[in-house]
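Have the sequence and the model open as you read.

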Amino acid sequence: WIRKVRQKKWIRRLAKGDRVPPPCISASCVAVRDDILTYGGKSEGEGNLDEVFALDTKKLEWCLVATPANGRKPWRRSNCSLCEIGLRMIMFGGSTWLMPKERLQCGAQTVY
């Protein structure tokens with residue numbers, strides 16, 4: 001859905017792409033230039049998610065953002081906070097659905 005602010009109405013547009021985010025709840029999003037990045041969320045059957053998808057708002061096309069093979073990846077989570085600084089997506093907190101001791105070990109309060 002796209003909100004036309006000046007016209008005060010919603011328009012339904014279907015985005016396309018080879019890889020689109022799965023249906024989920026509690027995903028987090030942030031705008032970076034003309035893209036909207038979405039991370040995490042909770043999906044029925046899969047639990048918490050850990051993938052980053054980008055929506056090109058001009059083309060209305062989704063793509064899966066690749067994680068470097070040797071890169072450190074945050075623990076899967078939902079309800080985290082995201083913001084954009086420069087061209088970086090910063091993440092903090094969120095729900096990992098782990099016990100408190102394990103949550104500290106996986107870095108639920110780490111800034112990525």
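**Salt bridges and their surroundings**

Arg19 is partly exposed, with a relative accessibility of 41% (buried means under 20% relative accessible area, exposed over 50%, partly exposed in between, using a 1.4 Å probe and protein chains only). This is a predicted model, where local features need pLDDT of at least 70 and side-chain atom pairs count only at pLDDT 80 or more, while totals for chains, interfaces and linings use all residues. Residues are numbered from 1 along each chain as its sequence is written, and side-chain values use heavy atoms, with hydrogens and water left out.

The structure holds 3 salt bridges (a side-chain nitrogen of Lys or Arg within 4 Å of a carboxyl oxygen of Asp or Glu).

**Arg19 and Glu51**
- Arg19 pairs with Glu51 in a salt bridge, and their closest N and O atoms are 3.6 Å apart.
- Glu51, at 28% relative accessibility, is partly exposed.

**Asp34 and Lys58**
- A salt bridge joins the side chains of Asp34 and Lys58 at 3.3 Å, N to O.
- Asp34 is partly exposed at 38% relative accessibility, whereas Lys58 is exposed at 66%.

**Arg76 and Asp50**
- The side chains of Arg76 and Asp50 form a salt bridge at 3.9 Å, N to O.
- Arg76 has 36% relative accessibility and counts as partly exposed, while Asp50, at 16%, counts as buried.
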